[in-house]
Amino acid sequence: MSSSVAGSKKDRAHSRAPWLAGGHPPAWLLVVTGLACGFGVFLTSFTSLLGSVSRWSAFTSACREGVLLPALILSFITYALGRGFSPTNVVVGRGASRGSGRIWLRYCAALTIATLIGYTIGLAPLAVKLSLRASWGNPDLLALLDAFAVLGFLVVFDMALAIVFHGRWGVLIIPVITAVTVCSLLVVNEAVLVNSGHSSLLFSSVWNDQSPVLGYQITTVTHLLRILFFAMLALLSARISIRVLDGERATGDPASWVIAVATSGALLFSVLASPALFSRVGFSPDCSATPAGATLCLHPADDAVRDEIVPIVDRVARLTSTQRSIFVEYVSGSDPTNGKGKGFYIAVDGKGNVDENALVTQLSGEVLMPDGYCGDDNQDASGAAFAVYDELNRRLGVGGVSQSVSDGESLDSSQTVPGAGFRQMSDKQFTAWISTHAETIRTCTIQENDLP
């Protein structure tokens with residue numbers, strides 16, 4: 001008898017409909033959500049915030065790539081907030097006439113607003129820094145609206161998942177599904193579609209890169225298509241969730257089927273057609289003379305780091321006796337010198353600054369071998385040219401402190417190694433040797449016997 005009574009109590013407890021007050025999410029939870037999402041995007045933009053390279057493309061990239069950490073944060077918050085919703089809810093209070101579906105929608109709206117406010121605050125330091133230091137271009141506001149669309153979809157989608165996975169395992173299942181949703185198209189692009197001529201990035205939440213590159217911008221059509229796509233996904237998730245909470249069949253809504261077919265078709269078309277995501281942006285290079293007498297032409301977006309580039313260019317120019325040369329920052333599809341300049345690109349290190357070592361090695365190679373490195377079919381010339389190249393980089397300080405000697409000094413070295421005699425030369429003597437053998441190095445006709 002006692003076991004029967006215990007069983008009936010358990011059944012009643014299990015079937016009891018959870019009470020749901022028709023209000024808003026707790027204010028403290030909304031504040032925490034905004035702060036957490038803001039901190040997430042702030043971490044993503046931290047390198048660009050501290051570095052000396054100041055391009056507005058960094059803001060565009062941060063808007064897009066910054067959604068990853070907030071997406072994971074939202075997956076846990078929506079589980080805690082949405083797991084209380086179910087078709088058996090008993091709504092009490094002023095919202096009793098609305099039904100649990102309408103209350104769920106209000107929760108989504110409040111959480112979305114908190115997320116977007118926090119995200120904007122997290123991006124604010126980078127925007128302020130670029131507005132003060134960036135020398136060219138303007139912020140891509142469509143990139144921000146693009147990120148808003150992705151985050152809005154993720155809030156609604158995760159809240160919908162919380163209705164289904166409301167049990168104890170939901171705290172693990174929802175973040176996993178969220179991560180797959182955010183990264184799946186990126187994985188397909190990099191693992192399946194590589195070298196196929198097709199791309200799945202148009203509707204991918206993140207691209208895992210710092211695009212757009214210098215001289216390009218994301219097209220307006222790309223942004224608008226992404227905003228529309230994620231808005232439609234959010235609408236689809238909301239309609240299905242409301243029907244479930246109102247006790248209706250999820251598959252019985254014709255409008256949901258139309259949206260599902262439209263978004264699926266758009267996704268398939270984006271992969272098959274792979275429309276261009278970027279367009280070129282016209283510019284006029286900023287050219288000026290350096291103290292050594294060389295001409296340095298930079299993309300106007302990099303004028304902010306000109307003072308860092310000039311000393312490096314002058315060091316290379318003086319050591320190779322090319323002070324009358326034109327050094328041009330490489331921008332895809334543009335060459336203001338018509339092939340007469342020595343091209344280079346500005347590599348950025350892990351701290352957002354100019355990678356000086358990478359810049360030096362580029363300039364060294366361009367000065368010594370502007371027509372390209374010697375091929376493997378000429379091993380003798382290739383080995384001799386690279387010996388000169390390595391010595392030039394050593395004297396410029398790449399890979400450690402330069403061991404070049406001043407006039408009148410010498411270093412002991414074994415003469416059995418081709419090019420070992422370079423160590424006995426001063427910088428002035430090395431420069432003279434480079435000038436004498438410049439043509440043989442450029443044409444890959446230099447031999448190891450020509451080395452000191």
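These are my notebook entries on a predicted protein model.

**Ground rules**
I number residues from 1 along each chain as its sequence is written.

**Whole protein**
I looked up the secondary structure and found 14 helices and eight strands; helices (H or I, at least four residues) and strands (E, at least two) are DSSP runs, numbered from the N terminus. Of the 452 residues, 46% count as buried, where buried means under 20% relative accessible area, exposed over 50% and partly exposed in between (1.4 Å probe, protein chains only). I then checked contacts, meaning heavy atoms within 4.5 Å. Among those between residues at least 6 apart in sequence, 72% join residues at least 24 apart.

**Helix 12**
Helix 12 has 13 residues (356-368) and should span 18 Å, and its end C-alpha atoms are 18 Å apart, which agrees. I also noted buried residues in helix 12, including Leu359, Val360 and Leu363. At the start of helix 12, a side-chain oxygen of aspartate 355 comes to within 3.4 Å of the backbone nitrogen of asparagine 357.

**Largest pocket**
I found about 750 Å³ of space in the largest pocket. Its lining has 32 residues, and Arg55, Ser57, Gln210, Ser211 and Val348 lie nearest the centre. Helix 4 gives the most to this lining, with five residues. For the record, a pocket is an open set of points on a 1 Å grid over the protein atoms alone, where a 1.4 Å probe fits, with protein on both sides within 12 Å along at least five of seven lines; lining residues have an atom within 4 Å of a point. The volume is the space filled by probe spheres set on the points, which are joined across faces, edges and corners.

**Cysteine 108**
I located cysteine 108 in helix 6 (residues 100-133). Cysteine 108 is buried, with a relative accessible area of 2%. Beyond residues up to four places away in sequence, cysteine 108 touches Val155, Val156 and Met159.

**Serine 270**
Is serine 270 buried or exposed? I found serine 270 buried, at 1% relative accessible area, in helix 10 (residues 254-273). A polar atom of its side chain lies 2.6 Å from the backbone oxygen of leucine 267.

Note on methods
Predicted model: local features only at pLDDT ≥ 70, side-chain atom pairs only at ≥ 80, totals over all residues. Heavy atoms only, no water. Expected span 1.5 Å × (residues − 1). Polar contact = N/O pair within 3.5 Å; in protein donor to acceptor, adjacent residues only side chain to side chain.
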